[in-house]
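Here are my notes on the backbone of this model. Please read them with the coordinates open.

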Amino acid sequence: MSWRGPLLLLVLLLWLGLGMQALAQERYWQLDVKGGIGPGTSDFIVTELNQAQTEKPAFVLLNMDTPGGLYSATRDIITAILESRIPVVVYVSPGGARAASAGTYILYASHVAVMAPGTHLGAATPVQIGGPSLPGTPTEKDKSTDKSEDEDPQDTSSPGSTAMERKTLNDAIAYIRSLAQLRGRNADWAELAVRDAATLTATEALDKNVIELIADDIPALLQGLDGRTLELHGSSYTFASSGLQGEQRQPDWRQRFIITISNPNIAYLLMLVGVYGLLLEFYSPGFGVAGVTGAICLMLALLALQMLPFSTAGLALLGLGLALMVAEGLSPSFGILGGGGLVAFVIGSVLLFDTPDQAFRVAWPFIAAFTLFSLTLILVVVRMLVKQRHAAPVSGANAMIGEQGIALTVIDPTGTVMVQGERWQARSRQPVAAHQPIVVLAVEDLTLNVAPAKETPS
């Protein structure tokens, strides 16, 4: 009798475990990948794929529309896909979406690639993005060194003009060809996508064995996947997607925060708000709201810049532009300092993020708006604050100095005076007769130091 209780409990736990696993496999996970692929997006996808290995959904669907992404973020995603024991399906949708640059690499790494009508992919040539590009980019030092050592000036077969650029291109080609061979897809076209920035529509991609399916929507995708078999880490896996329900997975608050601040426009905004807040606090000390807000925004901007491919030269030009416009506000130079600062500010804003990928550059309307705002703020507001600091006091004890009044009594050495309609105790080094005009020299506590108004104070 004593062994029956534990045995029943074990059977119950096994039944519950199998039931939970069956329930998990009745669903698939959907992760939306929209916009540039950066640190936040990478963290979200990698975390979800790792969690999928434990919770075991039927498969993971990446609903993709991306113009490209950062090298490190893309490699992290591809590594997680290759290590996943849960099938990963990449679906380029809706119509008009694209899987360009980094998106092409991720699509080639997926177990099943699907596109909606009216979508396209390709243009995966490596480009410089500050740090390593996809999959690597040369520095100027590397370029000059390789050019002198092993560049063949007669070699025009490669788009790169230096040995390092050719190494970068060849590495990218080898990388995407390895993904194509692993998944049984068209490796020759993958090479063209890298070497010549080739692109394909959905129909062309299906004809050239770049993708497996074209699906108008997710129900059509599920129908097309049903019964499809693939090899998954040495074992056969068959999709049973008919009737599956999707579970939309969302980033947590930390991932959403990283995705938000790693947006180049947001990082640019945080940096400028930080600088303006500190400037306003410096020129007009008060409760510290501007200074505290500026310091927090500046720290967040530095965190974002750490994750983004920013240019040191662009950041220096941006700082120089702000400094010159501040100098114009402090000491007008007929527009010379202000004009130079405006030019440096615009150039620095354009070069701040060193990448030709528009997904990781500050938008032109953003630059124009903040350039005009910065010029107005510094030339108008800062100049007003400076004038206010140097203006004569209009209230308080210091405002009494230089004011004239009338002696109500004889002052020798003390007495009473009337200044600004108020009676004051007064002290004077020289005798002052009653009803004689006086001038205030100083204020000590509640006593005025005065002198006869007709005499010049010594």
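This is a predicted model: local features need pLDDT of at least 70, side-chain atom pairs count only at pLDDT 80 or more; totals for chains, interfaces and linings use all residues.

1. Start with the loop between strand S12 (404–407) and strand S13 (414–419). Proline 413 sits there. The peptide bond between aspartate 412 and proline 413 is cis, with omega at about 0°.

2. There is also a cis bond between serine 93 and proline 94, again with omega about 0°. Proline 94 belongs to the loop that runs between strand S3 (88–92) and strand S4 (98–100).

3. Next, the phi angles. Most residues other than glycine have a negative phi. Lysine 56 is not a glycine, yet its phi is positive, about 55°. Look for lysine 56 in the loop between helix H2 (39–55) and strand S2 (60–65).

4. Serine 101 also has a positive phi, near 50°, and is a residue other than glycine. Its place is the loop between S4 and helix H4 (102–109).

5. Is lysine 56 buried, exposed or partly exposed? Its relative accessible area is 34%, so lysine 56 counts as partly exposed, between the 20% and 50% cut-offs.

6. Is serine 101 buried or exposed? Serine 101 has a relative accessible area of 11%. Buried means under 20%, so serine 101 is buried.

7. To check by eye: the bond from serine 93 to proline 94, the bond from aspartate 412 to proline 413, phi at lysine 56 and phi at serine 101.

Technical notes
Residues are numbered from 1 along each chain as its sequence is written. Side-chain values use heavy atoms; hydrogens and water are left out. Helices (H or I, at least four residues) and strands (E, at least two) are DSSP runs, numbered from the N terminus. Buried means under 20% relative accessible area, exposed over 50%, partly exposed in between (1.4 Å probe, protein chains only).
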